[in-house]
Amino acid sequence: MESSDKVVETVIAGNYVEMETEGKKPNNDMKSKISNLFWHGGSAYDAWFSCASNQVAQVLLTLPYSFSQLGMLSGVSFQLFYGLLGSWTAYLISILYVEYRTRKEREKVDFRNHVIQWFEVLDGLLGKHWRNVGLAFNCTFLLFGSVIQLIACASNIYYINDNLDKRTWTYIFGACCATTVFIPSFHNYRIWSFLGLLMTTYTAWYLTVASLLHGQVEEVKHSGPTKMVLYFTGATNILYTFGGHAVTVEIMHAMWKPQKFKAIYLWATLYVLTLTLPSAASVYWAFGDLLLDHSNAFSLLPKSPFRDMAVILMLIHQFITFGFACTPLYFVWEKAIGMHDCKSLCKRAAARLPVVIPIWFLAIVFPFFGPINSSVGSLLVSFTVYIIPAMAYMLTFKSAAARENAVEQPPKFVGRWAGTFTINIFVVVWVLIVGFGFGGWASMTNFIHQIDTFGLFTKCYQCPPPPGSPPPFLPHVGAPRPAPANFTHHHHL
């Protein structure tokens, strides 16, 4: 038993030095090799898989819907623009992490059994007020990210099996997702993020090929953009797509050499764009304005074994993404109750369970796909992922001394410090006005409209009415008519 304890200990440890080989007795050599292959991941490739699979999930299915709100040109431009913006702030977060870790390691702090998180980086560099703000935004964002995953699971399965209503499916999937409490840290997502990426790649190309084979529907119209509310809701969904790096610090901490992280996020984003651009553009090309009422691309494509396969793969992927969004919350909770350094896996898993309960509850209260994504995007992602890192970077390196002693100097091609600060000011202003201001207004208008139309705790959100019943009355308040989609605009986290 002692040897397995030691293995658990090494799994949780995230040291710069390659992991020590203690606990791997020759007799379980084969077992430890297999365990290493599937379980202990800390290379640059693992980080790339984690970033890419964490960035694109359900959102693939809702980007065509965003394209119908934005029009083809704006849709493509926003994806490229926010992809770059997201990579830039991920780069800032990685620089701040390396800066914090180097300062702490000079003070001989050992991070062997401790996972560094974003709020601790803010605390170490800027003090406790920044820590509290960062913690509040990050936890709320990850909480809702997990809620969205759970809602999405119920909605997807309803697509294959509608014998139970969506609320019942949410109960079932909540119980399934609770098993993620047993996965200790991001080292242990190696096999999962690899599979996750394969699944989304399959789904993206399925959407592209199926739409092109289907061809354009009769009298196809591409009238977007038409309404201001719709335009900014669509743009916010794309902002949300590339805001997947609220977990950047934890993924980085799970690497053996976190300094390599800087470019990884950009490469992950570039790969994601090869999935999102062709699929969204081809579905929009084929179906045009029909997408305004079908927030999930699957709902327009004919039922086939390939489509069922894509739905099932997406379900499994959501389960993985739930783990990604929830793991940092587990860490915060463990630190709050003093269980973070505990060696026993079972004790930690039991201590993590209270985190899953509110997520489960919220998924049942607000089962509004789409509207909840855009709201989270504008109100939380805008600050968590774009504004706070850019501000924190500028404040950390405000003094000449700090700039001189920085572990990582800014690259020449952005114009050193002056260029970096200029870009950061642009990011803060742009996201504040367009993402938070206009995006917040559009998505909240839409969200309130959903509550007015369907009510909280609705049993089966946007399900087709049973045959023979009168259609429900939908008031039209400048916001889009709720889509009869059984899928989600989602991402995430």
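**Pockets, packing and aromatic contacts in a predicted helical model**

The largest pocket has a volume of about 400 Å³, where a pocket is an open set of points on a 1 Å grid over the protein atoms alone, with protein on both sides within 12 Å along at least five of seven lines. Grid points are joined across faces, edges and corners, and a volume is the space filled by probe spheres set on the points. Of the 16 residues that line this pocket, Ser87, Trp88, Tyr91, Leu266 and Phe413 are the closest to its centre; lining residues have an atom within 4 Å of a point. Helix H5, helix H12 (261–287) and helix H17 are the elements that give two or more residues to the lining of the largest pocket, and H5 gives the most, with six residues. The lining divides into 12 nonpolar, two polar and two charged residues. Here Ala, Val, Leu, Ile, Met, Phe, Trp, Tyr, Cys and Pro count as nonpolar, Asp, Glu, Lys and Arg as charged, and the others, Gly among them, as polar.

The model is predicted, so that local features need pLDDT of at least 70 and side-chain atom pairs count only at pLDDT 80 or more, while totals for chains, interfaces and linings use all residues. Residues are numbered from 1 along each chain as its sequence is written, and side-chain values use heavy atoms, with hydrogens and water left out.

The chain has 17 helices and zero strands; helices (H or I, at least four residues) and strands (E, at least two) are DSSP runs, numbered from the N terminus. Of the 493 residues of the chain, 58% count as buried, that is, under 20% relative accessible area, with exposed meaning over 50% and partly exposed in between (1.4 Å probe, protein chains only). Among contacts with a separation of 6 or more, 85% come from residues 24 or more positions apart; a contact means heavy atoms within 4.5 Å.

The search of the whole structure also finds seven cavities of 30 Å³ or more, a cavity being a set of points where a 1.4 Å probe fits but cannot get out. About 90 Å³ of space lies in the largest cavity. Its lining comprises 14 residues, with Lys166, Arg167, Thr170, Ala363 and Pro367 nearest the centre. The elements that give two or more residues to this lining are helix H7, helix H8 (166–177) and helix H14 (345–365). Eight of the lining residues are nonpolar, three polar and three charged.

The largest nonpolar core holds 124 residues, of which Ile359, Ile372, Val376, Tyr386 and Phe397 touch the most other members. Such a core is a set of buried Ala, Val, Leu, Ile, Met, Phe, Trp, Tyr and Cys residues joined through side-chain atoms within 4.5 Å. Not counting residues up to four places away in sequence, Phe397 touches Ile95, Leu96, Glu99, Ala402, Arg403, Ala406, Trp417 and Phe421. Lys398 is found in the loop between H15 and helix H16 (400–404) and counts as exposed, at 58% relative accessibility.

Asn424 lies in helix H17 (residues 416–454) and is buried, with a relative accessible area of 0%. Beyond residues up to four places away in sequence, Asn424 touches Trp88, Leu92, Ala390, Tyr393 and Met394. In helix H15, Leu379 is partly exposed, at 30% relative accessible area. Leaving aside neighbours within four places in sequence, Leu379 is in contact with Phe137, Phe436, Gly440 and Met444.

Aromatic pairs number 21, counted for rings of Phe, Tyr and Trp (its six-membered ring) with centres within 6.5 Å; planes under 30 degrees apart count as stacked, over 60 as edge-to-face and the rest as tilted. The pair of Phe81 and Trp430 is edge-to-face, because the ring centres are 5.0 Å apart and the planes stand at 75°. This pair links distant parts of the chain, with Phe81 in helix H5 (residues 72–106) and Trp430 in helix H17, 349 residues apart. Phe81 is partly exposed at 25% relative accessibility, and Trp430 is partly exposed at 27%. Phe78, Phe81, Tyr82, Tyr231, Phe232, Phe426, Trp430 and Phe438 form one aromatic cluster.

In helix H6 (residues 118–126), the residues Trp118, Phe119, Glu120, Val121, Leu122 and Leu125 are buried. The buried residues of H6 pack against H5, helix H7 (128–160), helix H11 (248–253), helix H13 (305–337) and helix H15 (371–396). Gly127, with a positive phi near 100°, follows H6.
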